[in-house]
Amino acid sequence: MSSTGWVFCLLWLASSSASGATLLAPGLVEANSLNGADTVWLMVSTALVLLMSLPGIALFYGGMVRRFNVINTMASVVGIAAVVSVLWFGVAYSLAFTPGSHALAPWIGGVERMGFAGLEFLGVQGKVAVSHIAPLIPESVFAMFQLTFAIITCALVVGALVERMRFGALLLFSGLWLLFVYVPIAHWVWEPSGWLAQMGVLDFAGGSVVHLNAGVAALVCAFALGPREGYGREPFMPFNLGLTMAGTGLLWVGWFGFNAGSALAADGRAGLALAVTHLAAAAGALSWMAAEWVTRRRASLLGLCSGVVAGLVAITPAAGFVTLRSALLIGLVAGAACYWGATALKRRLGADDSLDVFGVHGVGGLVGALMTGLLAEPAIGGQAGSLMTQAIGCLAVIFYSLMMTAAVLWVTSRLTRLRVRAAEERSGLDLALHNEQLSG
């Protein structure tokens, strides 16, 4: 996704100097001032990030649930993608990525881009709308790129809710969570006027905005819904880990758009982000595998897949700030830390976080954000990292996500029942909620 606020400012200053324009908010510019290579790369990256959700997350999660809940799990991801897309068009993009009024600017954006108002392409006049954050790219492309991040963040939370939450309640919760949790945090970190951006918090592509945020929300939801019927007393056998492995592969490939696309340019920084992403993923897989071997004397496919995702999560906030050697270290630390998060920490917390969203994304996002503060190279991104600043940013995201997720869940529960009935849960959500089932 986009870099932190100060990085956006540097990109904006550089590009506006080149074009002779000064943008403090989204606006119209000469169409010939756009950079074609940057535009093409961001369009490709948008497709790659959407691929991470559809079908990446759907396959990744669908392979891990029981056979009679696979369709519901996949339908949840598709439904969330649709809800988030419409809300992003209507209101969320404007609130997240416009400067807002003077008093509210550090906290939330304005309303001028609601309904994508002003995202114009006036071909006859030779004008096109751009964001002040990415002035060399059509704003329509920038808005769509950011939409794919909102989709996957909301979809990640599904992993903590599978096999027991009503479909309608999930969609309602996801829409409210997007507006009241994701949007403010995205504005704080990624819009140049946001208070965490002004503080200097570094989050190149979503370590705190996406992964730590989703991980904390998932944990809150797991506690609120309670454990699945039979949790801790009977084995929950995954339907098909082959699907999970296929989903992992799509996530790995899509993550190149996730991180390298966040450079908002087809340049050397994007190339570095791509390289560190791959290296951290490989290191995370090896580290998780080693931890699993030490504790259980085996290496599992699910463990390898989880390690890959752990490495990808942790490198996300650092991708445009660190060297390849630092990326290797981040991946190694993340693999071991997330293995602990998905095993020992999960047992200690006692929540049925079904597919280890908090253990992988919450812990991995926290590890990555803090290590960005330790390892960020000024020669790469223009600013040294600060562990204290990163810690403050993480604490702010954790506290806000925890409190507001609980509030959104409470509101949702007042409007509709959250959990399926016990009989529906035992028979499976595929038939109970969708009247569909896997054949064979």
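The entries below go topic by topic.

**Ground rules**

I am working on a predicted model, where local features need pLDDT of at least 70, side-chain atom pairs count only at pLDDT 80 or more, and totals for chains, interfaces and linings use all residues. Residues are numbered from 1 along each chain as its sequence is written, and side-chain values use heavy atoms, with hydrogens and water left out.

**Helix α8**

I took helices (H or I, at least four residues) and strands (E, at least two) as DSSP runs, numbered from the N terminus. Helix α8 covers residues 241-260. I checked its length first. The expected span is 1.5 Å times one less than the number of residues. For the 20 residues of α8 that gives 28 Å, and the end C-alpha atoms are 28 Å apart, so the two agree.

Where does α8 bend? I found a bend of about 30° at Gly254. The bend is the angle between axes fitted to the seven residues ending at a residue and the seven starting there.

Next I looked at the N-terminal end. Asn240 caps α8 there, with a side-chain oxygen 2.8 Å from the backbone nitrogen of Gly242. I counted a polar contact as a pair of N or O atoms within 3.5 Å; within protein, one must be able to donate a hydrogen and the other to accept it, and residues adjacent in sequence count only if both atoms are side-chain atoms.

Then burial. Buried means under 20% relative accessible area, exposed over 50%, partly exposed in between (1.4 Å probe, protein chains only). The buried residues of α8 include Thr244, Gly247, Thr248, Leu251 and Gly254. Trp255 and Phe256 are also among them. The buried residues of α8 pack against α2 (36-62), α4 (139-156), α7 (207-225), α9 (268-296) and α10 (301-315). Contact here means heavy atoms within 4.5 Å.

**Salt bridges**

How many salt bridges does the whole structure hold? My search found nine. The cut-off is a side-chain nitrogen of Lys or Arg within 4 Å of a carboxyl oxygen of Asp or Glu.

I noted Arg113 with Glu139 at 2.8 Å, N to O. This pair links distant parts of the chain, 26 residues apart: Arg113 sits in the loop between α3 (70-97) and β2 (121-122), Glu139 in helix α4. Arg113 counts as buried because its relative accessibility is 8%. Glu139 is buried at 0%.

Arg228 pairs with Glu163, the closest N and O atoms being 2.7 Å apart. Arg228 lies in the loop between α7 and α8, and Glu163 in the loop between α4 and α5 (167-190), 65 residues apart. Arg228 counts as buried at 9%, and Glu163 is buried at 1%. Salt bridges with shared partners join Arg66, Glu163, Arg164, Arg228 and Asp352 into one network.

I also logged Glu425 with Arg419 at 3.0 Å, N to O. Both Glu425 and Arg419 are buried.

**Cysteines**

I found zero disulfides (a pair of cysteine sulfur atoms within 2.5 Å). Cys154 is in none; the nearest cysteine sulfur, that of Cys221, is 11 Å away. Cys154 is buried at 3% relative accessible area, and Cys221 is buried at 1%.

**Ser174**

Buried or exposed: which is Ser174? Ser174 counts as buried, because its relative accessibility is 3%. Ser174 is in helix α5. A polar atom of its side chain lies 2.8 Å from the backbone oxygen of Leu170. Leaving out residues up to four places away in sequence, Ser174 touches Ile80 and Cys154.
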